[in-house]
Amino acid sequence: MKPIISVALAGTLALGACGASNDPVYTQFYREAGALVDTGQFGNATANNTLILTGERQYTFDLANRFASEVGTTVNFAFNSSQLDAGARDALREQAAWIRQFPEIRFRVYGHTDAVGSAGYNKRLGLARANAVVHYLTTQGISRSRLEAVASFGETQPLIVTQGRERRNRRTVTEVSGFVKSHPSVLDGKYAQIVYRDYVESAEATSGLSGTSGSEFQTDQ
């Protein structure tokens, strides 16, 4: 009988430990019904469905993928610095040239750091790097209102998991974030026209013909 009592006692202790746990799975399981307070995400599903039905979600996703495939979205920084070097400025000029093609699109810049230093300091450094990128893009003719926001992940999203001075972690990333709501095309919900316009322009081949007379190129029609 003693082994049975021991097992029962162990199970009771385990249940008691689960009830006092800080693990969100256990704490939600042992709460009474209705105890969970909204965390600010109520209505996200409806908002997401609205974006999908109007086409904005898909077009934003498509343009984000295109931006990431055609332009270098990342610039890197020296250790403990938010100064843009020559390579970073070259990359940002390419970004600006792409961004100017789409006056209807907003962009967001995220700042990152390596793991050296305190979390609070790295959060501020990541934000300084994002601000440096935003400022440079504005010097290239991009409206500040289209750079929707700057944010800092600090050291929390490393590309290379290391505690050392990893240059690839010291970076900013520019991403498509959505549409400029005040733009006439977007205001009318004509997202397809935005994509179609660029599609038509991209299909126009540059002529290699020279001369002013086209008589020799006439057909029998």
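The chain has eight helices and four strands, where helices (H or I, at least four residues) and strands (E, at least two) are DSSP runs numbered from the N terminus. Read from the N terminus on, its elements follow the order α-α-α-α-β-α-β-α-β-β-α-α. This is a predicted model, in which local features need pLDDT of at least 70 and side-chain atom pairs count only at pLDDT 80 or more, while totals for chains, interfaces and linings use all residues. Residues are numbered from 1 along each chain as its sequence is written, and side-chain values use heavy atoms, with hydrogens and water left out.

The mean pLDDT of the chain, pLDDT being the predictor's confidence in each residue from 0 to 100, is 75, and 55% of the residues reach 70 or more. Over residues 51–55 pLDDT stays under 50, and for this stretch the model has five contacts beyond four places in sequence, a contact meaning heavy atoms within 4.5 Å. Residues 212–221 also stay under 50, with one contact beyond four places in sequence.

Of the 221 residues, 29% count as buried; buried means under 20% relative accessible area, exposed over 50%, and partly exposed in between, with a 1.4 Å probe and protein chains only. The chain exposes about 14,400 Å², of which carbon and sulfur atoms supply 56%, as computed by the Shrake-Rupley method with a 1.4 Å probe. Among contacts in the chain with a separation of 6 or more, 74% come from residues 24 or more positions apart.

Helix H5 covers residues 86–99, and because its 14 residues at 1.5 Å a residue should span 20 Å, the 20 Å between its end C-alpha atoms agrees with expectation; the expected span is 1.5 Å times one less than the number of residues. The buried residues of H5 are Ala88, Ala91, Leu92, Gln95, Ala96, Trp98 and Ile99. They cover an arc of only 160° around the axis, so they lie on the same side of H5, the arc being that of the directions from the helix axis to the C-beta atoms. At the N-terminal end, Asp85 caps H5 through a side-chain oxygen 3.2 Å from the backbone nitrogen of Gly87.

In the loop between strand S1 (74–76) and H5 lies Asn80, which has a positive phi of about 55° although it is not a glycine. Most residues other than glycine have a negative phi. At 43% relative accessibility, Asn80 counts as partly exposed.

Thr113, placed in the loop between strand S2 (105–112) and helix H6 (119–139), counts as buried at 2% relative accessibility. Beyond its neighbours within four places in sequence, Thr113 is in contact with residues including Asn122, Leu125, Arg129, Gly154 and Glu155. A polar atom of the Thr113 side chain lies 3.4 Å from the backbone nitrogen of Glu155. The C-alpha atoms of Thr113 and Thr172, 59 residues apart along the chain, are separated by 8.7 Å.

Technical notes: A polar contact is a pair of N or O atoms within 3.5 Å; within protein, one must be able to donate a hydrogen and the other to accept it, and residues adjacent in sequence count only if both atoms are side-chain atoms.
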